[in-house]
Amino acid sequence: MAMIEEKAFIFLIWLTLHPAKPQFALREADIYQLSLSGTHLLNSSIQFTLLSRNPNKKVGIYYDELQAFAAYKGQQITFYSFLPPFYQGHEESNLLTTSLQGTGLPVALSFGYEVEHDQTAGRIVLNLKVNGKLRWKVGTWVSGRYRFNVNCVSVMSFGPNAPTAPLSSNQAAQCSTAV
């Protein structure tokens, strides 16, 4: 019976406060290296900065086990980079910056062709992703862990006349977040 009362209490808190999922926006992304070694081994170096915002007025968020990576046309092009856990208070915002690296990552044989095609088109599109676990905090009560995924799309100029490195995107872009 006590377990049913506890679940009812938690449900009542959730109904009353209805925590909103965190919001993320891409502030900056830079590609320092994106080169093939051989026919299908990639070396990459990318840095990006996200703005993380807790929109809740009465609910704090603990972020645990954060890992970031970059993808190009569905292929992961960097290793995971781990971000330190942190707490985000009510209506608080934080900047998160990480460097992503990839050395000798196997990619599809079409990768070089795809990049050349994008260069001819004058732009390259990257997905910058963060996966992790979060916990909601209301007063002294802290929830269990929930998985969340963030996907940010960065479009960068990448034509024959574009600077070689770094390729940069300073356009703020809203990211999609799933909890």
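Accessible areas here come from the Shrake-Rupley method with a 1.4 Å probe. With that settled, I looked up the accessible surface of the protein chain in this predicted model, and I noted that it comes to about 10,000 Å², of which 55% belongs to carbon and sulfur atoms.

Then I looked up the largest nonpolar core, which has 38 residues, with Phe48, Leu50 and Leu128 having the most contacts inside it. Among the elements that each supply at least two residues of this core, I listed strand 1 (23–37), strand 2 (41–53), helix 2 (111–121) and strand 8 (122–138), and strand 8 gives the most, with seven residues. Leaving aside residues up to four places away in sequence, I saw that Phe48 touches several others, including Leu26, Ala68, Leu100, Leu128 and Val130.

My last entry concerns helix 2, where I asked which residues are buried. I found that Phe111, Gly112, Val115 and Asp118 are buried in this helix, and because they cover an arc of only 125° around the axis, they lie on the same side of helix 2. On the other side, Tyr113, Glu116, Thr120 and Ala121 are exposed. The buried residues of helix 2 pack against strands that include strand 3, strand 4 (75–76) and strand 10, and just after the helix I noted that Gly122 takes a positive phi of about 95°.

Notes
Residues are numbered from 1 along each chain as its sequence is written. This is a predicted model: local features need pLDDT of at least 70, side-chain atom pairs count only at pLDDT 80 or more; totals for chains, interfaces and linings use all residues. Side-chain values use heavy atoms; hydrogens and water are left out. A nonpolar core is a set of buried Ala, Val, Leu, Ile, Met, Phe, Trp, Tyr and Cys residues joined through side-chain atoms within 4.5 Å. Buried means under 20% relative accessible area, exposed over 50%, partly exposed in between (1.4 Å probe, protein chains only). Helices (H or I, at least four residues) and strands (E, at least two) are DSSP runs, numbered from the N terminus. Contact means heavy atoms within 4.5 Å. The arc is that of the directions from the helix axis to the C-beta atoms.
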